[in-house]
Amino acid sequence: IARDDLFVHYTLESARLGNRPMVERRLADLRGCFADEAAFEAALRQGNPLLYSVSSVEPAAGDGQLHYGLGILQPGKIGAEYYLTKGHLHAHRPAAEIYVGLAGEGAMLLEDEATGESRLVPLRTHSVVYVPGHTAHRTVNTGAAPLVYLGIYPSNAGHDYAPVAKNNFRHVVIERDGKPMLVPREKK
Ligand code: 6PG
Ligand code: NI
């Protein structure tokens, strides 16, 4: 393992792991994710802001090894729905993940693939969220500042975006009376 994979520096400001590339997701990349399509198109006519970026360290592959990623999700809303990540299942379904909140205030939307059961779990500084295997996960920023978090996962986890791209999550996280709320997605 390369020495610069054994020790990696980051700052909360840049939310970048060492010199690893940042994968950037802009509003246009999130087409189909937000419930309010009219609000999405209206926002896109105003510009194509950066919603989140992730840099990852992949020191080694193989059984028992770990990868990790540092994410920074900007604050904002489309309609009443908070800025969010695409969300995914791990390609290797049993792979769990640990999220460590480093800055800002948000939540993880977790949806069990087998039962469809949804849970909204706070993600913030000084807190750790366990994402079980077989669980679709999406991060939302419910605060006014950037949400910064570290995700640690088995090296063989992989990402499967297809199920969420097709069916989205069953619930949406919206602001109501100034507070985050989990509500069932309206059928189209
Ligand atoms: C992972 C983590 C995490 C995630 C980012 C971006 O498995 O790698 O869950 O690093 O990828 O939060 O979210 P999306 O991958 O859903 O765009
Ligand atoms: Ni993941």
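Author: Happy to! In this predicted model, Arg20 and Asp5 are both buried, which means that each has under 20% relative accessible area.

Reader: What makes Arg20 and Asp5 a salt bridge?

Author: The closest N and O atoms of Arg20 and Asp5 are 2.6 Å apart. The cut-off is 4 Å between a side-chain nitrogen of Lys or Arg and a carboxyl oxygen of Asp or Glu, so the pair qualifies. Arg20 sits in the loop between strand E2 (16-17) and strand E3 (23-26), and Asp5 in the segment before strand E1 (10-11), 15 residues apart.

Reader: Why is Glu113 called partly exposed?

Author: Its relative accessibility is 39%. Buried needs under 20% and exposed over 50%, so a value in between is partly exposed.

Reader: How do you know that Arg93, Glu113 and Asp160 are linked in a network of salt bridges?

Author: Arg93 takes part in two pairings: with Glu113, where the closest N and O atoms are 2.9 Å apart, and with Asp160, at 3.0 Å from N to O. Both values are within 4 Å, so Arg93 joins the three residues into a network. Asp160 lies in the loop between E13 and helix H2 (162-167), 67 residues from Arg93.

Reader: And how many salt bridges does the structure hold?

Author: Eight.

Reader: Which residues touch the most other members of the largest nonpolar core?

Author: Leu30, Phe34, Leu51, Ile78, Tyr99, Met108 and Leu123, out of 29 residues. Strand E9 (105-112) is one of the elements that give two or more residues, and E9 gives the most, with four.

Notes:
Residues are numbered from 1 along each chain as its sequence is written. Chains are lettered from A and ligands numbered from 1 in the order in which they are written. This is a predicted model: local features need pLDDT of at least 70, side-chain atom pairs count only at pLDDT 80 or more; totals for chains, interfaces and linings use all residues. Side-chain values use heavy atoms; hydrogens and water are left out. A nonpolar core is a set of buried Ala, Val, Leu, Ile, Met, Phe, Trp, Tyr and Cys residues joined through side-chain atoms within 4.5 Å. Buried means under 20% relative accessible area, exposed over 50%, partly exposed in between (1.4 Å probe, protein chains only).
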